Amino acid sequence: MTQMSEQVSGGLDSADGSGQGGAGVPRRMVTIRVPAPESFEAAHEDGLEHGIDPRTGVDMDAARQAAWLYLKAIGEDPDRPGIRQSPDRIARASREIFAGLSQDPATILEKRFPVQSEEMVLVRDIDFFSVCEHHLLPFFGVAHVGYFPGKSGVVGLSKLARLVEVYARRPQVQERMTQQIADALMKQAGARGAIVVTQAEHLCMAMRGVKKENARTITSSIRGIMRNPTTRAEAMRLILAQG
Ligand SMILES: [Zn+2]
């Protein structure tokens, strides 16, 4: 295999951020051989998908290269048999995990049913799986989504789950995801009020750092007439009700 490589050198800061390593002297130098795209492809000529995935916009070649390089960077041998296909698996999984980046919530919410309702619509326990944008590690849990339909009618109940999914399948922070779902209901579904509560476990907290394995993070966003204290209390009662 011909291997056109370029050398990449970089210093790693000390892991604890103390910066002890002498003024301007990296503690450890790493040199990574970056395979040229053609060398990786030559070793995997079996039906790889190339270029920009038309459905999601993921650059398959670049995603494989990045995954290969990352494995190398952490001290793995990306070419050992067990993980040789991993860069391609990661690239293909990325299309699914981050599919929300190429999806427009407006198209999910545009279809309405002309039902005039003064009542709140609430769907509890919508499972979601997302990825924290700081560590690219999963966070997952449930979302509870309630809203008061506006004049344009109600959206299908399954669309609320789809809406959660569109925002979950992106690099995210839980607080922003919660706000985005509420804002989409107000702006794109014409809701008069909205409440979104999410409860999630973050693997970046469980696996590293503070190591709070069982910590659950709860965030909420409340918009429009849902801010009325009585209405908000009723929504929270329904969300927190057992069973
Ligand atoms: Zn994180």
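This is a predicted model: local features need pLDDT of at least 70, side-chain atom pairs count only at pLDDT 80 or more; totals for chains, interfaces and linings use all residues.
## Helix α5 and the sheet

Helix α5 lies across β3, β4 and β5, and its direction makes an angle of about 20° with β3.

## The five-stranded sheet

The sheet is open and has five strands, in the order β5-β3-β4-β6-β7, with mixed pairing. At its edges stand β5 (171-172) and β7 (217-224); each has a single partner strand, so one side of each is left without a neighbour in the sheet. Strands of a sheet pair through backbone hydrogen bonds, in either a parallel or an antiparallel arrangement.

Both arrangements can be seen around β3. With β5, strand β3 pairs in the parallel sense over two bridges, and V131 has P171 of β5 as its bridge partner. With β4, strand β3 runs antiparallel, and nine bridges join the two. Here S130 has F139 of β4 as its bridge partner. Strands β3 and β4 also form a hairpin with five residues between them. In the turn of this hairpin, L136 has a positive phi of about 55°.

## The largest nonpolar core

Which residues touch the most other members of the largest nonpolar core? They are L163, V164, I181, L185, A194 and V196, in a core of 30 residues. At least two residues of this core are supplied by each of α4 (105-109), β3 (121-132), β4 (138-148), α5 (157-168), α6 (174-188) and β6 (193-202). The largest share, six residues, comes from α5.

Apart from its neighbours within four places in sequence, V164 is in contact with I126, F128, A143, V145 and I181. A second, separate core has five residues, among them V58, A67, W68 and A91.

## V166 in helix α5

Residue V166 also deserves attention; V166 lies in helix α5. Is V166 buried or exposed? V166 counts as buried because it has 21 C-beta neighbours inside 10 Å, and the cut-off for a buried residue is 20 or more.

When neighbours within four places in sequence are set aside, the contacts of V166 are G100, Q103, P105 and I108. V166 and I181 are 15 residues apart along the chain, and their C-alpha atoms are separated by 9.2 Å.

Key:
Residues are numbered from 1 along each chain as its sequence is written. A nonpolar core is a set of buried Ala, Val, Leu, Ile, Met, Phe, Trp, Tyr and Cys residues joined through C-beta atoms within 7 Å. A residue is buried if 20 or more other C-beta atoms lie within 10 Å of its own, exposed if 12 or fewer, and partly exposed in between; C-beta atoms are placed from the backbone. Helices (H or I, at least four residues) and strands (E, at least two) are DSSP runs, numbered from the N terminus. Two residues are in contact if their C-beta atoms, placed from the backbone, lie within 7 Å. Two strands pair if DSSP finds at least two bridges between them. Axes are lines fitted to C-alpha atoms, for helices over the stretch in contact, and angles run from 0 to 180 degrees between N-to-C directions.
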